Structure formats: structure tokens, C-alpha cells
Amino acid sequence: MLSRVAESVFWMNRYIERAENYSRFIDVNHQLSLDLNEEVPNQWLPLVHTTGDYELFAKKYSEPSPVNVIRFMTFDEENPNSIFQCLSKARENARTIRENISTSMWEVLNEFYLYVKDYRKLYLETNGEHGDTLSMGLSDFLSTVRKSCQSFYGCSDATISHDEVWNFSLLGRFLERADKTTRILDMKYFILLPSVHDVGSTLDLLQWLSLLKSASAHEMYNRRYKKIDPTDIAEFLILNDTFPRSIIFCIQEMQEALEKISGLKEGLPRNSAQDATTVYLNKLRSENIKSIFDKGLHEYLDDIQIELNQIGSKIVERFFTN
């Protein structure tokens, strides 16, 4: 496969996964803010920290109000990670490789992009620079974003050959998903809780519950655990190898995709991306939640993000750099 095609497939899926995750973060935080009313005035700022875009946000907006944060994360053209920008870039990547994806995939993605573009235009025309995003059916919009992302994944699964294109799709999707799972966990543990005195309070439990919902993990978590417990939640989202948004599950999928892309024939040399993924997966498999908390959850999640960045760099170097 041409490195150009592989790179476009990889990033197309990363951008779609990023848009889906942002829609989850925003919607769950919106619902939580309605439950909390004005009890937690800085409820929205952690979202900007989670995405790593705080410096850009601070340059553009004077305060982390719900309207400003939602606008920044959904429609802002200057934010390269906003939902609108992610879909714009995903569509552009898809356009350049039309012959390598199915017509159904292109139609789903193009209609999705046009929906978000039209909604954004309506929002700007109706609200201008300081409009109330919450009055424009925010939850319905974000729900449509998630469903459209899932429709794209389902369409990909059903309409393209499960060959190199498919495996580069999975590689991008699960690398992005693992990164976002670490960030949503870190947001709650390190940033969101306002005071140590709130640990175990109703506020604390509501926030941990919102975290599970952000990862669409609430129902599957309840099948395994009897109550909301921070240690159990961290274990589920890091080490559960059957839940598709846990970190270890994502890295397992990345390892399998890399093995198929690189080939399994005897004597074929392994590459640095395969080795880095396998080594880190084995390290994760040797961990338990006690050892993770002994090291410090925030520090441990930082280490995971560093490892994922290094794996991503090795993927780029091995497959996309001519």
C-alpha cells in the first residue's frame, strides 16, 4: 500500500474517533452541570485541559463559561481539534483516497460533515459571537455526532475488505481511543474534584458516574461491579481486556492490526512500531490496580500518554515517512 493512502486512512479514523470522544465529553458534562446547577463553577474548564488545548482557549476566550467551552470544542475553526475541524479533516482525507474506501463510507462521512457544517452555520447566524449554545438542542446535536461516527464504523466494517486499509483504520481508531480514555480518567482524578473533603460525597460519585458515561462504560461496568468505586472504575477502564474502550483492549487491537499490516511470515523482520506496542502491552498485562495506585494514578496515566505518543511516532516513521 502507498504510504499516502495508509496515512490518510489512519488519520481519517483518528479524526472521527476524536470527534466522537469530544461529543461524549461535552454531552456528559452538560448533563452533569444540569444536575449540579451552580455547585461547581469550574465544571467546564477541565474539558479544555483534557484535550490539551488550554493555551489556545485562553488566548481566545476570557472565561471558561459553558458557552465558550462548547463553542471552542464544537465549532471553532481556529481549534484544530474541534468537532467541526476534525470532521473537515476526516472528510478531506477520505476525499483523497476515494478509490480505497467504499461509496457507502464516503456517503456516510460526507452527509455527516454537511450536517455539522449546516448546524454550525445556523448556530453562528442565530447566536453570533456570544450565543447560548445550550438553547439550540445541544444534546440532540451531540447524539447525532456519536451516532454518525458509529454509523461510519459500522459501514467500514461491512463494506470494505479487511485488508491493509482496514487494519490502518483500526490502528488510527484505537490509538486515538486509548489516548482519550487516559485523558478522561485523568481529568476526574487530577483536575475535576474541587476539594479533598468532597471525596466520597454525592458530588464525587456523580462525577465518577459521569466519567463512566463519557466512555459509554456505565452498563458494562455495572455488570462487573456492584457499586461506583474509583479504584474499580480505574481498573475497568485501564485493565479490562474485553471492554472496547479500555486502554489494554485498545492496545491489543493495535498490536493485532500491526501484526497483520507488517506480515506474519517466518523470517520477516519485526519493526519498531510492533516491538514498542508488544512490549507495552506485556507491561500492562503485568500490572494490577494496586500497583497502579501505588505509583499514583495521575503519574501512571501520564506515562501511558507518553508511551502512546512514542508508539504513534514509530508508526509514522515506519509506514508514512518516505
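# Exercises on side-chain contacts

In this predicted model, the count of aromatic pairs comes to 22.

**Exercise 1.** Classify the ring pair of Tyr115 and Phe141 as stacked, tilted or edge-to-face.

*Solution.* A pair of aromatic rings is described by the distance of the centres and the angle of the planes. Centres within 6.5 Å make a pair, and planes under 30 degrees apart count as stacked. The ring centres of Tyr115 and Phe141 are 5.9 Å apart and their planes stand at 25°, so this pair is stacked.

Tyr115 belongs to helix α6 (residues 103-127) and Phe141 to helix α7 (residues 138-159), so the contact ties together parts that are 26 residues apart in sequence.

Last, compare accessibility. Tyr115 is partly exposed, at 31% relative accessible area, whereas Phe141 is buried, at 1%.

**Exercise 2.** Which residues form a cluster through ring pairs?

*Solution.* The cluster linked by ring pairs consists of Phe10, Trp11, Tyr15, Phe168, Phe319 and Phe320.

**Exercise 3.** Find where the charged end of Arg173 sits, and which ring Arg120 lies over.

*Solution.* Take Arg173: its charged end sits over the ring of Tyr153, at 4.0 Å from the centre. Then take Arg120, which lies over the face of Phe84, 4.6 Å from the ring centre.

**Exercise 4.** Describe the salt bridge between Glu99 and Arg4, starting from the total number of salt bridges.

*Solution.* The salt bridges number 20. In one of them, the side chains of Glu99 and Arg4 meet at 4.0 Å, N to O. This pair links distant parts of the chain, 95 residues apart: Glu99 is in the loop between α5 (83-96) and α6, and Arg4 is in helix α1 (residues 3-36). Glu99 is exposed at 58% relative accessibility, while Arg4 is partly exposed at 41%.

**Exercise 5.** Which parts of the chain does the pair of Glu78 and Lys60 link?

*Solution.* The side chains form a salt bridge of 3.7 Å, N to O. Glu78 lies in the loop between α4 (66-74) and α5, and Lys60 in helix α3 (residues 54-60), so the linked parts are 18 residues apart. Glu78 is exposed, at 54%; Lys60 is partly exposed, at 34%.

Note on methods
Residues numbered from 1 in each chain as written. Predicted model: local features only at pLDDT ≥ 70, side-chain atom pairs only at ≥ 80, totals over all residues. Heavy atoms only, no water. Phe/Tyr/Trp six-rings, centres within 6.5 Å; stacked < 30°, edge-to-face > 60°. Helix = DSSP H or I, 4+ residues; strand = E, 2+ residues; numbered from the N terminus. Buried < 20%, exposed > 50% of the residue type's maximum accessible area, 1.4 Å probe, protein only. Lys NZ or Arg CZ within 6 Å of the ring centre and 35° of its normal.
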